[in-house]
Amino acid sequence: MTDKQLRAGLIGLGAMGRNHARVLGTLDGVELVAVADPIADKSSAPLGAALVDSVDELVALGIDYAVVACPTAFHESVGLALAEAGVHALIEKPLAHTAEAAKKLAEAFRSRGLVAGVGHIERFNPAVVSMRDRLEAGELGEILQVSTRRQGPFPGRIADVGVVKDLATHDIDLTSFVTGQSYLSVSARTVSRSGREHEDMVAAVGHLEKGAIANHSVNWLSPFKERTTVVTGDKGCFVADTLTADLTFYANGVVDTEWEAISNFRGVSEGDMVRYAIRKREPLLVEHEHFRDAVLGRPSDIVDLDRGAATVAVSEMMLHSAATGRTVDLGGEGR
């Protein structure tokens, strides 16, 4: 149990906002006081929480922190208003619609000594956390490549950004998180087939600061949903399925293959395969627990706004690369 009951507010009651409301409604030591959403139906307000029209009305209720789950285009104005009011904030990813806006948000909260985090939920996925711990322990040896696949049908809930800022930001942040490496350069190509202003498919290649290669395949054009991260090292591969939170290790073989035809075809020989037993807690709940603890001044692990801004910068460079057909140097953004 926590020592203090924190008063929380929520901004935005869309698909992600409703998930935040569900978790906030049961989070130990936290009371969801109200939700700000000017277009939500009054009957949709979470049990026990008021529904107000504006951020100012929400702040006036005396909240300790707010969760920002409104459309990305409004993150900057909403976040700056919260910072000005002295309210801590957990802002959904991407942090802002532009890298410049993301930097403004980071400075606004930092200059006022406020706790602020970005909702990069994959950092709290059990498979990703376990994989990072094992990579830090050297179980894979030198990291050679990170390859991610994130695809599925088009989501009607997204209207203000494309697949790069909505989905690829997950993989940019995840890659930097598990490897501890920043992006040095990126090359990308995009496709827009859904008739919208923004792109709905991207293929990107990144170069990380210690020599690893990152490959990202992301789209809203697939009829099936996939969330897979493969990390290849000189001792084998980790495969994380973040939909099921499963982590599997494929070791390089230590037994020579005597069948010459197969040996020549396979290259690195196959070794043992291990699927790890992992304690599986809901990532969103774990994310909220860490942010609550950060507000209370306890040890925690949140994604700060500087890291969130760096991820937005890498996503913008992906779009710039796609627009110009050139590789873009980043100068070490993203970790």
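Biologist: Which side chain meets that of Glu282 in a salt bridge?

Modeller: Side chains of opposite charge can pair when their charged atoms come close. Here a salt bridge means a side-chain nitrogen of Lys or Arg within 4 Å of a carboxyl oxygen of Asp or Glu. The partner of Glu282 is Arg22, at 2.7 Å from N to O. The pair links distant parts of the chain, 260 residues apart: Glu282 is in the loop between β14 (270-275) and α8 (283-295), and Arg22 is in helix α1 (residues 15-24). Helices (H or I, at least four residues) and strands (E, at least two) are DSSP runs, numbered from the N terminus.

Biologist: What kind of model is this, and how are residues numbered?

Modeller: This is a predicted model, with residues numbered from 1 along each chain as its sequence is written. Local features need pLDDT of at least 70 and side-chain atom pairs count only at pLDDT 80 or more, while totals for chains, interfaces and linings use all residues; side-chain values use heavy atoms, leaving out hydrogens and water.

Biologist: How many salt bridges does the structure hold?

Modeller: There are 19. One of them joins Glu107 to Arg110, with the closest N and O atoms 2.9 Å apart. Both residues lie in helix α4 (residues 99-111), three residues apart, about one turn of the helix. Glu107 is partly exposed at 41% relative accessible area, and Arg110 is partly exposed at 44%. On this scale buried is under 20% relative accessible area, exposed is over 50%, and partly exposed is in between (1.4 Å probe, protein chains only). Salt bridges that share partners join Glu107, Arg110 and Asp306 into one network.

Biologist: At what angle do the axes of α5 and α6 cross?

Modeller: Two packed helices are described by the angle between their axes and the distance between the axes. Axes are lines fitted to C-alpha atoms, for helices over the stretch in contact, and angles run from 0 to 180 degrees between N-to-C directions. The axes of α5 (residues 126-136) and α6 (residues 163-179) cross at roughly 35 degrees and come within 8 Å.

Biologist: Which residues in α5 and α6 meet?

Modeller: Contact means heavy atoms within 4.5 Å. Val128, Met131, Arg132 and Leu135 in α5 meet Leu174, Phe177 and Val178 in α6. The residues of this contact divide into six nonpolar, no polar and one charged. Ala, Val, Leu, Ile, Met, Phe, Trp, Tyr, Cys and Pro count as nonpolar, Asp, Glu, Lys and Arg as charged, and the others, Gly among them, as polar.
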